[in-house]
Amino acid sequence: MFKRKKLFCRAALILLLLVVAAAVVLALRSDLRFIVKQQLSRLTESAKLSEVREDSLDLESIDISDLEQRGCIVNQSLMIVNTDNPLPGNFSAEIYEYKDSGAEFNRCAHKSFESLSQAVKDETGENLYIMSSYRTAEEQDDILSEKGSDTAMAAGSSEHQTGLALDVYTDGYAGMGFLKSAAGQFVNSNCGEYGFIIRYPLFEKSVTQIDYEPWHIRYVGLPHSEIISLEHETLEEYIESLEIGKFYEYDGYIISRQQGESLKIPQGSEKIVSMDNCGGWIITVKE
Ligand SMILES: [Zn+2]
């Protein structure tokens, strides 16, 4: 009887010590507090796509080669690039210099990055800088031999070669330390509203093949960034969830993933078509 009571007291003491230790660690580490808060938000946040019947839409069939002449913006925003989906050998990224900064990245992401960095400045008073953006295949190969395959992809499998990925930092806080800064926490909580996602989230290595990188943001455009962020999905899971040939609605946008030489494009004020790098196209139309 006494023995059992003693054992119970010891277990309760160990549990209490663990709780106190966790509380002390969380009190001292703002980055860990932020991670716990983010994981808890998985329980409440969601952004569901609803399927739309094809016959309820006003569709226009357009050949791939005529998309731009027929009023569509063709960009590379929703390409999926990883070891299973490497870039084609003849791929050429639409790279432009960002505002005379010396940083070069995909032109479809320029406006959104400008809005995101302005919001970081307005909300936190901190500056958002780019550590690394577009890389050539040769530069990617150099990084792979330097860092190894846990943190770097082989040439052809890195989305840095699309110019859609940006490694960002703020004064004094880079890499994992980025999460200790107000700018890092703002970017990780809100980049979805500005067209970007945290491409390699925590606990998703089995899907992305890359460890958690809170500094690596990836442009996908609205409303995709918002859906992926609120659903706490990876880009792989999101693109796979779009069934070929179907139409979806989300917050005033129609989204469709299609294959073939001609695409069915809904009417709208802005029509964006991006290749998905899996043999298909993703259509995003603002109603
Ligand atoms: Zn990166």
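Visitor: How many of the 8 residues of helix α7 are buried?

Guide: First, the terms. A residue is buried if 20 or more other C-beta atoms, placed from the backbone, lie within 10 Å of its own; 12 or fewer makes it exposed, and in between it is partly exposed. Helices (H or I, at least four residues) and strands (E, at least two) are DSSP runs, numbered from the N terminus. Now the case: 6 of the 8 residues of α7 (224–231) are buried, so the helix is largely enclosed by the rest of the structure.

Visitor: What kind of model is this, and how are residues numbered?

Guide: The model is predicted: local features need pLDDT of at least 70, side-chain atom pairs count only at pLDDT 80 or more, and totals for chains, interfaces and linings use all residues. Numbering starts from 1 along each chain as its sequence is written.

Visitor: Which residues of α7 are buried, and what covers them?

Guide: The buried ones are His224, Ser225, Glu226, Ile227, Ile228 and Ser229. Their cover includes β8 (196–198), α8 (235–241) and β10 (247–250). Cover is read from contacts: two residues are in contact if their C-beta atoms, placed from the backbone, lie within 7 Å. Look just past the helix too. There His232 takes a positive phi of about 55°.

Visitor: Which residues of helix α5 are buried?

Guide: In α5 (182–190), Ala183, Gly184, Gln185, Phe186, Val187 and Asn188 are buried. Among the elements covering them are α2 (30–41), α3 (110–124) and β7 (165–169). Strands β8 and β9 (216–219) also contribute cover to α5.

Visitor: Which residues have the most contacts inside the largest nonpolar core?

Guide: A nonpolar core is a set of buried Ala, Val, Leu, Ile, Met, Phe, Trp, Tyr and Cys residues joined through C-beta atoms within 7 Å. The largest one here has 54 residues. Val187, Cys191, Ile197, Ile217 and Ile283 have the most contacts inside it. Take Ile197. Leaving aside neighbours within four places in sequence, Ile197 is in contact with Cys191, Gly192, Ile217, Arg218, Val220, Ser225, Ile228, Ser229 and Leu235. Ser225, Ile228 and Ser229 are among the buried residues of α7.

Visitor: On to sheets. What is the strand order of the sheet of 6 strands?

Guide: Strands of a sheet pair through backbone hydrogen bonds, either parallel or antiparallel. Here two strands pair if DSSP finds at least two bridges between them. The open sheet runs β1-β10-β11-β14-β13-β3, with mixed pairing. At its edges stand β1 (50–52) and β3 (73–75), each with a single partner strand, so one side of each is left without a neighbour in the sheet.

Visitor: Is β14 enclosed or open?

Guide: Enclosed, largely: 5 of the 6 residues of β14 (281–286) are buried, so the rest of the structure surrounds most of this strand. On one flank, β11 (253–258) pairs with β14 over 6 bridges in the antiparallel sense. Gln258 stands opposite Trp281 there. Strand β13 (270–275) is also joined to β14 by 6 bridges, again antiparallel. Two of the residue pairings are Ser274 with Ile282 and Val273 with Ile283.

Visitor: How many residues lie between β13 and β14 in their hairpin?

Guide: There are 5. In that turn, Asn277 has a positive phi of about 65°.

Visitor: Which strands are at the edges of the sheet of 4 strands?

Guide: That open sheet has the order β6-β7-β9-β8, with antiparallel pairing. Its edge strands are β6 (129–132) and β8, each pairing on one side only. Between β6 and β7 there are 3 bridges. In one of them Tyr129 partners Tyr169 of β7.

Visitor: How far apart are the C-alpha centres of domain 1 and domain 2?

Guide: Domain bounds come from an automatic or database domain assignment. Domain 1 covers 1–44, domain 2 covers 89–219. Their C-alpha centres lie 34 Å apart. Each side gives 5 residues to the contact.

Visitor: And what are the overall figures for the protein chain?

Guide: The protein chain has 8 helices and 14 strands. Its C-alpha atoms fill a box of roughly 85 × 45 × 40 Å along the principal axes. Of its 287 residues, 34% are buried. Among contacts with a separation of 6 or more, 66% join residues 24 or more positions apart.
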